[in-house]
Amino acid sequence: MHFLNKVLAIVWKDVVAELRTKELFSSMFVFALLMIVIFSFSFDLRVERVAEVAPGVLWVTFAFAGTLELNRSLATEVEGARLDGLLLAPMERSTIYFGKMLGNLVFILAIEALMLPIFSAVFDLNLLQPGLLLTVVLGTIGFAAVGTLLSTMAVNTRAREVLLPVLLFPIILPVVLSAVKITAGMLDGQAWIDMAPWLRLLIGFDIIFATVCYMTFDYVVQG
Amino acid sequence: MKAGSRWVDLLSGLSVAMIIAALYLVFLYAPREATMGDVQRIFYFHVSSAWVGFFAFFVTLLAGIGYLRTGERRWDVLGFSSAEIGVTFTAMAVMSGSMWAKPTWNSWWPWRQEPRLVLVTILLLIYLAYFMLRTFVEEAEQRARFAAVYGIVAFASVPLTFMSIRWWQRLHPVVFDRQGAGLTRPMLLTFLFCLLSFTVLYTTLLLHRTRLANLADEVNELAQRLHSGWGGRT
Amino acid sequence: MIEIQGLTKSFGHTHALRGVDLQVAEGEFLTIVGPNGAGKTTFLRILATLLKPTRGFVRINGLNLAPADVEVRRQIGFVSHQPLVYGNLTVAENLRFYGRIYDVPELEQRVETLLSLVGLDGRAHSLARTLSRGMQQRLSVARSIIHEPSIMLLDEPYTGLDQQASRMLRGLLQTVSTHSHTVVMTTHNLEHALKPADRLVILCRGHIVFQAEASTLGLAELREAYWQHTEGDRSLGPS
């Protein structure tokens with residue numbers, strides 16, 4: 001399958017390059033740790049039930065660390081006009097989109113996988129439940145789907161990194177809200193069936209936006 | 001051009017007339033609301049402004065699709081002109097919503113009780129993001145493309161955002177649920193007339209704004225030609 | 001072969017190309033010279049499918065550009081002053097990556113062949129960012145021919161190279177142009193322009209202002225023609 005081969009080639013390229021320097025990963029990791037520390041100090045003094053703020057803190061951290069990743073990932077393509085190299089290849093532009101999106105997904109999930117046990121320890125909660133993990137995956141898919149498209153635009157402007165959160169956050173609000181609600185529900189021990197509408201919303205978002213973004217990606221990269 | 005501007009003049013006159021009529025209806029004709037008193041009258045303008053805000057962005061969405069399909073400048077002009085007017089009305093909606101909220105719920109920002117206010121604010125943020133994007137892209141063609149794509153993606157998020165905000169509050173019907181519930185006949189009439197007059201106003205402003213943008217384009221083109229010494233034909 | 005008719009490209013109010021008509025025969029080496037802003041890079045980028053024309057059409061090996069873009073790309077190799085290589089991947093990994101996205105069969109063998117062709121087999125496992133500019137450009141050439149394209153597009157490939165590297169690149173391009181059939185190269189440098197070319201074109205302000213068979217021109221005559229046809233742009237002369 002040519003399409004899959006190329007998508008995987010792009011992911012492989014990003015992973016190998018990152019494994020060499022580990023720049024991105026380490027900066028995301030440090031950033032996320034800092035956020036936990038800052039949050040735990042900010043809230044510790046005022047809130048008794050840590051479980052109330054934990055979902056919010058978790059997802060805000062993921063969102064900001066994710067933005068960091070998106071910026072860096074597209075920046076490496078734009079520096080030295082390497083995006084041209086991808087655009088010259090005999091493949092549809094959407095292949096590039098899926099390749100980059102999958103790469104972004106892998107990196108962000110990796111950081112999240114690392115952060116969840118740390119969060120669990122710091123907040124003294126069990127965040128490693130299967131339902132929660134599923135939510136993290138679904139939420140990150142939506143985030144990466146929209147984020148890949150928007151970071152491709154943002155990185156092409158004068159404002160670069162500053163612009164991405166401005167463009168991204170209003171649009172991924174449904175993802176954040178759903179994810180926080182489900183996380184909170186899981187920590188509260190609510191029934192899985194109660195979470196169903198939120199889950200449907202998440203999945204719906206993922207499907208709709210993966211589609212919309214992959215269809216419009218062409219127009220963003222082609223002049 | 002002559003015939004076109006005749007229409008614009010007509011519409012301008014109509015807008016003025018309708019807004020004046022709307023003011024009359026809102027302040028003099030519509031009855032005083034039982035529970036909230038005169039403050040409730042803001043509601044007519046608030047909802048009409050919000051309506052224009054959303055409608056204008058929908059037009060931006062359509063303009064974006066038009067631009068991507070044809071690459072013609074006039075679609076981009078329509079897109080950002082509509083967005084400019086839309087952002088103004090949305091800002092008005094947020095402010096009027098806040099003014100209405102304070103006496104109603106004793107809070108300037110009752111985001112728990114009124115999810116629609118949150119939604120309108122998100123819309124405002126999206127508009128601002130749209131303009132920030134336009135500001136930071138240097139090249140005109142790329143700017144039009146990016147703005148078109150963003151308009152499409154952003155508008156697609158609005159329904160889902162609305163759903164998620166609504167469910168977040170685990171909402172029960174609020175006082176003004178759907179137009180018609182809890183509204184007497186004169187109020188309904190006033191309300192609908194307000195909506196209509198704001199829509200006419202929006203259309204008028206849009207025509208003026210697009211005309212202005214097209215004229216500016218012409219001037220720029222002429223200046224370019226003068227500067228590069230080409231003159232005459234391109 | 002390449003057929004171009006009425007090619008126009010505008011960026012907003014800037015008209016980079018104003019109706020270019022050109023034909024490049026199979027096996028021909030065409031060099032395009034012109035001052036800055038003439039439209040050379042824009043022209044080449046359109047041929048490489050990186051930009052869409054505003055008006056006019058381009059046909060490459062019988063394929064119309066817009067609908068058949070993916071197929072066209074299979075037949076084109078593009079080299080610019082940007083090497084388009086990934087700094088954190090090794091030389092071999094870079095080639096392997098490009099080989100994969102170009103569906104190159106028997107990749108490992110092809111990579112080996114290319115490495116010795118461009119003289120980088122000793123550096124196969126060095127990170128691309130540790131290479132000198134000249135070596136990066138050689139890697140770039142290898143990247144561009146990995147799929148054995150029939151048409152080479154070279155956009156000012158000598159930019160930023162010192163004498164030795166330039167000489168090496170020229171030799172490499174000579175070799176390459178005998179494998180590929182058709183070459184279109186743009187350059188500032190009139191010396192580089194004349195040597196390998198079959199035909200020369202001068203582009204100025206988006207128009208073709210001069211064309212000649214290379215065999216009929218000496219360097220002095222070329223310079224003369226250049227100054228004459230780019231009259232208003234003396235300040236933007238060649239290097």
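A charge is taken to sit over a ring if NZ of Lys or CZ of Arg is within 6 Å of the ring centre and within 35 degrees of the ring normal. The structure is a predicted model, in which local features need pLDDT of at least 70 and side-chain atom pairs count only at pLDDT 80 or more, while totals for chains, interfaces and linings use all residues. Residues are numbered from 1 along each chain as its sequence is written, chains are lettered from A and ligands numbered from 1 in the order in which they are written, and side-chain values use heavy atoms, with hydrogens and water left out.

**Exercise 1.** Identify the ring over whose face A:Lys13 lies, and the ring over whose face C:Arg100 lies.

*Solution.* A:Lys13 is placed over the face of C:Phe97, 5.6 Å from the ring centre. C:Arg100 lies over the face of A:Trp12, at 5.9 Å from the ring centre.

**Exercise 2.** Determine the strand order in the open sheet of chain C, and explain which strands stand at the edges.

*Solution.* Helices (H or I, at least four residues) and strands (E, at least two) are DSSP runs, numbered from the N terminus, and two strands pair if DSSP finds at least two bridges between them. In chain C, four strands form an open sheet in the order E2-E1-E4-E5, with antiparallel pairing. Strand E2 (14–24) and strand E5 (63–64) of chain C each have a single partner strand, so one side of each is left without a neighbour in the sheet. Strand E4 (residues 55–60) of chain C is joined to E5(C) by two bridges, and C:Ile60 has C:Leu63 as its bridge partner in E5(C).

**Exercise 3.** Classify the ring pair of B:Phe27 and B:Phe45 and that of B:Phe57 and B:Phe155, and locate each residue.

*Solution.* Rings of Phe, Tyr and Trp (its six-membered ring) pair if their centres lie within 6.5 Å; planes under 30 degrees apart count as stacked, over 60 as edge-to-face and the rest as tilted. Over all chains, the structure holds 25 aromatic pairs. For B:Phe27 and B:Phe45, the centres are 6.2 Å apart and the planes at 45 degrees, so the pair is tilted. B:Phe27 lies in helix H1 (residues 2–29) of chain B and B:Phe45 in helix H2 (residues 42–70) of chain B, so the pair ties together parts that are 18 residues apart in sequence. The rings of B:Phe57 and B:Phe155, with centres 5.9 Å apart and planes at 35 degrees, also form a tilted pair.
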